[in-house]
Amino acid sequence: MNKKTLLRAWLAFKFYGINVVFLSVITGIFAGVIITFYTICTSLGEEYSRGLYDLLRQYPAFIPLLLIGLAAGAVAIGTLVKFVPMIRGSGIPQIEGACRGKFPFNWYLTLCSMFAASLACVFLGLAAGSEGPSIEMGGCVGEGTGRVLRRSFMMRRLQIAAGASAGFAVAFNAPVTGMIFALEEAFKSFSPQIFVSAAVSVMTALAVRTGIRSALGFSVGYAFEGFVFTQIDFAGYGYVAAAAVIVALVAVAFYYSVAAAKKLFRKITFFKGTGKFIVPFVLSAAFGLITVYAMGGGHNFIHNLATGGTGAYQTISVLGAGFIASLVIIIVLRYVLMTLYMACGVPCGVFIPMLAVGAGLGALLSALFTRAGMDAAYCDYIVIICMSVFFTTFVRAPITGLFMIFELTGQFTNLLPALLGVVIASLVAEICRLEPGYENNLHAFIRDQGYTNREKPARFTLTVQPHTLADGGKINRLIWPSGGLVTAITGEDGSSIVPSGGTRLSAGQTIEFECQTADEGEVLEYLYTLVGKS
């Protein structure tokens, strides 16, 4: 190995290694602390709201006070969302956009606002999860780490992804799924730097989570223990395929339901537009009074669908109805609330509620399939697969959906049936031409906030300097500004080179780099860290 190679290796290690690892550890520590306490607060909030609604069922004369309080809370939270649009909805699309450099945001304001608003939604009894806000708050921690330590905007982008992954991992206790989320959803690309930053942040955050929860006496196990996977025979694959197709089609219907509800909510303008939040809040109260299973994120509901591999479901009854009718009622109530939350932009998580609808559909189909001759031992697996199918169809993140099955249950067997379900979900979404749900919400957010007009085409002409990261490095091994592309390379002798991902740069070459940006100066400064300043 010559001196030039050694020097470049040291530069890469210093820039991408020490720098990234140090930042990711800091991000993981703070994300672990904040998100762990947040998830503990949301679990306590769910218990509080369930107790309150139980009391109101005994004393219905006080229900009007609940509705008045929810209406007031809806206007207050709607006003906060109006002033801090980054917390609109679950926050996942916004943090993905920030991770890709689509727009700037105030990390401290967003973190505090989402913490308060989403926690208030839980205490008010909404069917709200903690996972989406955990992802956004983790991303805020990553941005804050980069800002406080004065790192470049690309390093901050890495830390936003790392923090979001840590938030996902802490909320679900799913480290691998958290890292895949950074690659498949946040950056939508793979590089060693993204992988290392996400992995270090996730491991650190989970260590912090385990320490805090153990010290406070809370469980540190898997999110959905109790499900048991058994070996599926050839006939079982037919039931898995049928269930996957049905659930995927329901997810398609949900996608279009959200789109239709958004159009309706645009017509509600009283209280300067914040009045539209009253609709989902009041309906949440009505549905919560009907059944406790329409409240909270859905963890308890999913837990109650676990049979331990026996196929014998726990008694779930709504308004005195039988098991199948009760499941239909719960699924419909949650489906409606989820649609309204996403369409209105209520600052709460819909990640777990989405999984709860998929799990409910899986239990419903399992009960029907069992009567048609299916082995009851398959019920647990079909419930979990349907949970993943609903998520995969709507979000269009099949790898995340696949690994999520195993990490949330702690069952790491029977890959093929799960893979079959995820493939069917992807095919149905492709045939129906669904844009990824979070991606669609991101585009709407960028359009509504006017961020599209901020970015303008920019072209930079730079000369690769000796002893820099670009000198001797391949184009696809360097982290370039979001959406940018090396369009031309000119050698020292004036010869033109057609660039590709595998093209190796060398000192003296002149490169043309094009991108869309709102801050040319910031992009140029970062490019100097890659190619050097002449």
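Which residues in helix 12 meet which in helix 13? Point 2 takes that up, after a quick word on conventions.

1. Ground rules. This is a predicted model, so a note on thresholds: local features need pLDDT of at least 70, side-chain atom pairs count only at pLDDT 80 or more, and totals for chains, interfaces and linings use all residues. Residues are numbered from 1 along each chain as its sequence is written, and side-chain values use heavy atoms, with hydrogens and water left out. Helices (H or I, at least four residues) and strands (E, at least two) are DSSP runs, numbered from the N terminus.

2. Helix 12 against helix 13. From helix 12, Phe 323, Ile 324, Leu 327, Val 328, Ile 331, Arg 334, Tyr 335 and Met 338 meet Pro 353, Met 354, Ala 356, Val 357, Gly 360, Leu 361, Ala 363, Leu 364, Ala 367, Leu 368 and Arg 371 of helix 13. Contact here means heavy atoms within 4.5 Å. By class, that contact has 16 nonpolar, one polar and two charged residues (Ala, Val, Leu, Ile, Met, Phe, Trp, Tyr, Cys and Pro count as nonpolar, Asp, Glu, Lys and Arg as charged, and the others, Gly among them, as polar).

3. Geometry of that pair. The axes of helix 12 (residues 323-344) and helix 13 (residues 351-371) come within 9 Å and cross at roughly 155 degrees, which means helix 12 is roughly antiparallel to helix 13. Axes are lines fitted to C-alpha atoms, for helices over the stretch in contact, and angles run from 0 to 180 degrees between N-to-C directions; under 35 degrees counts as roughly parallel, over 145 as roughly antiparallel, 65 to 115 as roughly perpendicular and the rest as oblique. The crossing is left-handed (the near helix is turned anticlockwise from the far one by less than a right angle; clockwise would be right-handed).

4. Helix 12 by itself. Its 22 residues reach 31 Å from first C-alpha to last, close to the 32 Å expected at 1.5 Å a residue (the expected span is 1.5 Å times one less than the number of residues). Just after helix 12, Gly 345 takes a positive phi of about 95 degrees.

5. Helix 2 with helix 10. Helix 2 (residues 63-83) packs on helix 10 (residues 278-290) at an angle of about 145 degrees, axes 8 Å apart, in a right-handed crossing. The contact has 13 nonpolar, one polar and no charged residues.

6. Helix 3 with helix 5. Here the axes of helix 3 (residues 92-99) and helix 5 (residues 131-148) come within 8 Å and cross at roughly 25 degrees, so helix 3 is roughly parallel to helix 5. Their contact divides into four nonpolar, three polar and one charged residue.

7. Four strands form an open, antiparallel sheet in the order 1-4-2-3 (two strands pair if DSSP finds at least two bridges between them). Strand 1 (456-463) and strand 3 (496-497) are the edges with a single partner strand each, so one side of each has no neighbour in the sheet. Eight bridges join strand 1 to strand 4 (residues 510-517), with Leu 462 partnered by Ile 511. Five bridges join strand 2 (residues 485-490) to strand 4, where Thr 490 has Thr 510 as its bridge partner.

8. Hairpin and cover. Strand 2 and strand 3 form a hairpin with five residues between them, and Gly 494 in the turn has a positive phi of about 90 degrees. Ile 489 stands opposite Ile 497 in strand 3. Helix 18 (residues 520-531) lies across strand 1 and strand 4, at about 30 degrees to strand 1.
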